[in-house]
Amino acid sequence: MGIADGFLKYNRELPGTRDPKVRVNDSNEIYLPFPEEKTKQQASRCMDCGIPFCHNGCPLGNLIPDFNDAVSEGDWERAIRVLYRTNNFPEFTGRICPAPCESSCVLSINKPAVTIEHIEKSIAEKSFEMGLVKPEPPLQRTGKKVAVVGSGPAGLAAAAQLNKAGHKVTVFEKDEKAGGLLRYGIPDFKLEKWTIDRRLVILEAEGIKFKYNRKIGQDTTLKKLYRKYDAVLLCIGSTKPRAIAIPGNHLKGIHFAMDYLGLQNRRVDGAQIAPENDINAFGKHVLVIGGGDTGSDCVGTANRHFAKSVTQLQYRFMPSSERHPTNPWPEVPVTLSSSSSHEEGCERSWGWLNKEFIADENGHVKGLRVVELEWKNQSEYTEKPNSERILPCDLALIAIGYERPEHDAFTSNFKFELDRRGNFKLNDWQTNVPGIFSAGDACRGQSLVVWAISDGREAARAIDVYLMGSSELPSKELSKYQLF
C-alpha cells in the first residue's frame, strides 16, 4: 500500500452533510465537498491485510485494495481502470450502496472501516472530470440482436456488456425514462437523476437503443420479442408490493411506499401531478410502516413535504448497537443504524403489531390501532397487556417489502418455472425457455443495486456464450486473477 501505516495515522472521516433544517427545503444530495487530499488519506487507511475480505463482501468482486492504493498515491487513472474493470456504474454504487464491503473490511475488526463507498464515488466522479468516460462502441458487430426488458441497474449493466461484445441491444422500458428504481424509487436527495442521464448519453452513443413506454402485455408481447430477437433478458425487478393484511387496509390515505416515492421523483423532475393522483404529506400525521431503506426514504420525503409529524413503526424489537455473537465479522452487522432521513426528524418506534386502520366519516384513514409486543426470542412474542393504543394517521406508507416480480404478462405467453417465492428459476442465468434469460431482483428477489449490476454482468456473459459459443466478457470469478 502507498502508506503502510495509514490506518494508524488517520481516523475514518467522511464528507460532512448540509444542515438538516436547510436541506429539507430541496431534493439535492446532502453531502458537502470533500478535499481530494483527505480522500487520499482515507484510501491510505487500507491495510496490507493479506486476505482482503472486502473482495468477498462486494457482490461485484471489486478489487478494492488495488484502487485504494492507486488513490492514496494520487494515480487516478489507475484507480479508474481498476474500478471500471468490475463495475459499470460506480457513480451509482458510490452513492447508494449500503457498502457490505465495509462490513467485511479487515480494519473494521477493531477500528472503523475504510471509507470504501466514498472512495468509489470519488473515483467515479474523477473519471468524468478527467474526460476518461467516453463512448466506446464495439469495433465489430456480431449480427445478433438482444432485447433487454427493464432499464434498472441489472438491465443497464447487461446492455452495456452485451453491447461491448458486439451485439445489437435494444432496451424496453415501461416508464417514460430509463433507470428503474434508480429513477423512480430512490429519492433525489440520495441519487440526483442527472447522474443517470449522464450515463445514458454514453450508453446511447455506444449504440444501445432505448424504447420507452413499452409495457409487455400492452404495447408489445414477450412472444413478439422472442420471435424478433436472438435472446431476451428479463430484468423486470421485484415490484409487487407486500400488502399489510389488517382490517381497514382499503381506506383512502393508505399507499404503498413506491407509489409515494415514484410520484415525488416525477414531481422533482418537473412532471405535473394530477391532484386526484397525488400523494402529499404536507400538514399530515404520517405513519411509515417498515424499517428498511425504503421506509427511511419515505421519512426523508415526508420531511420535505413538511408533514405535521413522521413516525416510523417497526414490527421487530430495537436492534443492539453492537454485533451479536451469532452475527460476527465479516458478516453484514445487524445493528441499530440511522439514516440522513432520521436525522431530519422522525420518531422511530420498535416492537409494535398493527391491528387495524381506523376510518373517519369519509372513508379516509385517521388512525392506526397498535399493540406493543414483548419478544421472547428472535421468533416468538406476546402482546403486552393493556398496551393497545391508536396512533393518529392521515397518511400511511406501507414499506414492508415485495412479494415477487410483476410477471403476469410474461407468464401468460410462456410457462416459466418459478421458485417458491415466485421469482424466475434459472440455470446459468437462463430460464427453462431456451433463449430467455433473467437477472437482478426478478430472479434473486428484492436485493441491492450492487447485486443487480453484478447479476446483469454475469447474465450478459451467459447470453454471449449462448449466442457465440464462447465469450471474452469478464466474469466476477475471472476478474480476481487479472493483472492491471
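Of the 484 residues of the chain, 52% count as buried (under 20% relative accessible area; exposed is over 50% and partly exposed in between, with a 1.4 Å probe and protein chains only). The model is predicted, so local features need pLDDT of at least 70 and side-chain atom pairs pLDDT 80 or more, while totals for chains, interfaces and linings use all residues. Residues are numbered from 1 along each chain as its sequence is written, and side-chain values use heavy atoms, without hydrogens and water.

**Whole chain**

Start with the C-alpha trace, which spans about 70 × 60 × 45 Å along its principal axes. Colour by secondary structure to see 20 helices and 16 strands (DSSP runs numbered from the N terminus: helices are H or I, at least four residues, and strands are E, at least two).

**The five-stranded sheet**

Select β6, β14, β7, β8 and β9, which form an open sheet in that order with parallel pairing (two strands pair if DSSP finds at least two bridges between them). At the edges stand β6 (254-256) and β9 (347-350); each has a single partner strand, so one side of each has no neighbour in the sheet.

Next, select 285-289 and 309-314. These are β7 and β8, paired in the parallel sense over five bridges. V288 has Q312 in β8 as its bridge partner.

Residues 257-268 are helix α14, which lies across β6 and β14 (395-398) and runs at about 80 degrees to β6.

**Salt bridges**

The structure holds 31 salt bridges (a side-chain nitrogen of Lys or Arg within 4 Å of a carboxyl oxygen of Asp or Glu). Show E344 and R23, whose closest N and O atoms are 2.7 Å apart. E344 is in the loop between α16 (340-343) and β9, and R23 is in helix α2 (residues 20-23), 321 residues apart. Is R23 buried or exposed? R23 is buried, with a relative accessible area of 0%.

Move to helix α7 (residues 90-96), where R95 lies. R95 forms a salt bridge with E29, and both residues are buried. From E91, also in helix α7, look across to R199 in helix α12 (residues 194-205); their side chains meet in a salt bridge at 2.7 Å, N to O.

Notes. Contact means heavy atoms within 4.5 Å. Axes are lines fitted to C-alpha atoms, for helices over the stretch in contact, and angles run from 0 to 180 degrees between N-to-C directions.
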